[in-house]
Amino acid sequence: MHLFDTLREGAAFGAQELHLSDALMERWTSLYPDDPPDGRMPAGMIAVATMRAYSSLVVPRPPGNIHGSQRYEMLRRPAVGERLTTRIACAGKELKRDRRWVHFDTETVGEDGTPCFRGRMTILWAA
């Protein structure tokens, strides 16, 4: 279990791959039909890649964590069909008013290693 006291700044949690398949894009556009199908990943899908990676890699987590915030920087929009790799690392942690906050940095690259987007998630850690 990844407890607040045992999480270390800089600790890497590995990498998760996401294939931007036609099927995945069809599922996205069925939910968000205003995103025009232009052969590129819509910016809103950044959260899909990063949250899938977080959910798969940062395990086990204590029950009751709350997603506090996220911010992303889009460097380029990946093409449909591309395979993306997202890496997650602990960027730091802090106690504020008896609450445990953990910051995770994410970086997603394309098949050729070219950065696509990066971000930071802040989680209210339960234990």
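1. Glu-82 and Arg-76 form a salt bridge, with their closest N and O atoms 2.6 Å apart; a salt bridge here is a side-chain nitrogen of Lys or Arg within 4 Å of a carboxyl oxygen of Asp or Glu. Glu-82 is buried at a relative accessible area of 11%, while Arg-76 is partly exposed at 22% (buried is under 20% relative accessible area, exposed over 50%, partly exposed in between, with a 1.4 Å probe and protein chains only).

2. A word on the ground rules: this is a predicted model, where local features need pLDDT of at least 70, side-chain atom pairs count only at pLDDT 80 or more, and totals for chains, interfaces and linings use all residues. Residues are numbered from 1 along each chain as its sequence is written, and side-chain values use heavy atoms, leaving out hydrogens and water.

3. The salt bridge count comes to five. One of them joins the side chains of Glu-17 and Arg-83 (3.3 Å, N to O). Glu-17 lies in strand 1 (residues 12-19) and Arg-83 in strand 3 (residues 83-96), so this pair ties together parts 66 residues apart in sequence. Helices (H or I, at least four residues) and strands (E, at least two) are DSSP runs, numbered from the N terminus.

4. Do have a look at His-103 too, in strand 4 (residues 99-109). His-103 counts as buried, at 14% relative accessibility. Its side chain makes a polar contact with the side chain of Thr-122 (2.9 Å); such a contact is a pair of N or O atoms within 3.5 Å, where within protein one must be able to donate a hydrogen and the other to accept it, and residues adjacent in sequence count only if both atoms are side-chain atoms.
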